[in-house]
Amino acid sequence: MPFTPYHFGPSAFLGLVFRKWIDIPVFVLANVIVDVEVVVVRGLMLGWPTHRYCHTLLIGAVVGALWGIAAYPLRHLFEKIMRILYIPYIPSFWKMIISGIIGVWLHVLVDGLCHNDTRIFWPKSRWPLTLWGIITSIVTGNIYRWYISQEELTTICVAFFIASVIVYILVLLVSKKDVAESKMSKKG
Ligand SMILES: [Zn+2]
């Protein structure tokens, strides 16, 4: 994506839908921290490509895991933020590590759809012509990369953002209902 904010759409949507298994703050922020690489490459004028090792599945997984570990001491802060947002939140060490990894992977897969300098499969240039290789290529966009424009991808990301707002409203309604029910049962 040309701009990091577009990553908020897909990551917020998936984070909210799978909130029982995904640590939302770690997952969403993993999508932001990967682009530090782009900022550094551009800032230091290192030239092309701007998407380097952090934008690969292999090194991206390491970056995501390290981010999950680094975020663990911040869990109480995340708890406070999630309480303000009325989103149920139960952090755990492994959940944070896994959320960091899949957060970075989601970012890399989205970037792989529109940036032709991403080398998702580094150190391989592409997956071999095995069944698994072909499936992975289709899933990650290596085959249809040239069939989706940046504008189309932007639209998809915005659509995901709107969908995530709808899911968030539903989460709010459910958590309000839960609070009201627990108050009722306390009174009873
Ligand atoms: Zn990126």
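This note walks through the helices, their packing, the core and the loops of a predicted model.

1. Ground rules. In this predicted model, local features need pLDDT of at least 70 and side-chain atom pairs count only at pLDDT 80 or more, while totals for chains, interfaces and linings use all residues. Residues are numbered from 1 along each chain as its sequence is written.

2. Overall make-up. The chain has eight helices and zero strands. Both are DSSP runs, numbered from the N terminus: helices are H or I with at least four residues, strands E with at least two. Along the sequence the pattern reads α-α-α-α-α-α-α-α. Of the contacts between residues at least 6 apart in sequence, 74% join residues at least 24 apart. A contact means that two C-beta atoms, placed from the backbone, lie within 7 Å.

3. Burial. Of the 188 residues in the chain, 31% are buried. Buried means 20 or more other C-beta atoms within 10 Å of the residue's own, exposed means 12 or fewer, and partly exposed lies in between; C-beta atoms are placed from the backbone. In helix H1 (8-17), eight of the ten residues are buried, so H1 is largely enclosed by the rest of the structure. Among them are Pro10, Phe13 and Leu16.

4. H4 against H6. Helix H4 (residues 57-71) packs on helix H6 (residues 93-114) at about 140°, with axes 7 Å apart. That angle makes H4 oblique to H6. Axes are lines fitted to C-alpha atoms, for helices over the stretch in contact, and angles run from 0 to 180 degrees between N-to-C directions. Angles under 35 degrees count as roughly parallel, over 145 as roughly antiparallel, 65 to 115 as roughly perpendicular, and the rest as oblique. The H4 and H6 crossing is right-handed. The contact includes Gly60, Gly64 and Trp67 of H4 and Gly100, Val104 and Trp105 of H6. By class, this contact has 13 nonpolar, six polar and no charged residues. Here Ala, Val, Leu, Ile, Met, Phe, Trp, Tyr, Cys and Pro count as nonpolar, Asp, Glu, Lys and Arg as charged, and the others, Gly among them, as polar.

5. H2 against H4. Helix H2 (residues 24-33) meets H4 at about 125°, with axes 10 Å apart. H2 and H4 are therefore oblique to each other. Val26, Ala30 and Ile33 of H2 touch Gly64, Trp67, Gly68 and Ala71 of H4. This contact has five nonpolar, two polar and no charged residues.

6. The core. Which residues touch the most other members of the largest nonpolar core? They are Phe27, Ala30, Val34, Val104 and Trp105, out of 31 residues. Such a core is a set of buried Ala, Val, Leu, Ile, Met, Phe, Trp, Tyr and Cys residues joined through C-beta atoms within 7 Å. H1, H2, H4, H6 and helix H8 (150-187) each supply at least two residues. H6 gives the largest share, eleven residues. Leaving out residues up to four places away in sequence, Ala30 touches Gly64, Trp67, Ser99, Gly100, Gly103, Val104 and His107.

7. Backbone points to check. Most residues other than glycine have a negative phi, and most peptide bonds are trans. Trp48 and Pro49 are joined by a cis peptide bond, with omega about -5°. Pro49 sits in the loop between helix H3 (36-43) and H4. Met45 lies in the loop between H3 and H4, and its phi is positive, near 50°. Met45 counts as exposed, with 6 C-beta neighbours inside 10 Å. Tyr86, in the loop between helix H5 (75-84) and H6, has a positive phi near 60°. Tyr86 is partly exposed, with 15 other C-beta atoms within 10 Å.

Technical notes
Left-handed = near helix turned anticlockwise from the far one by under 90°.
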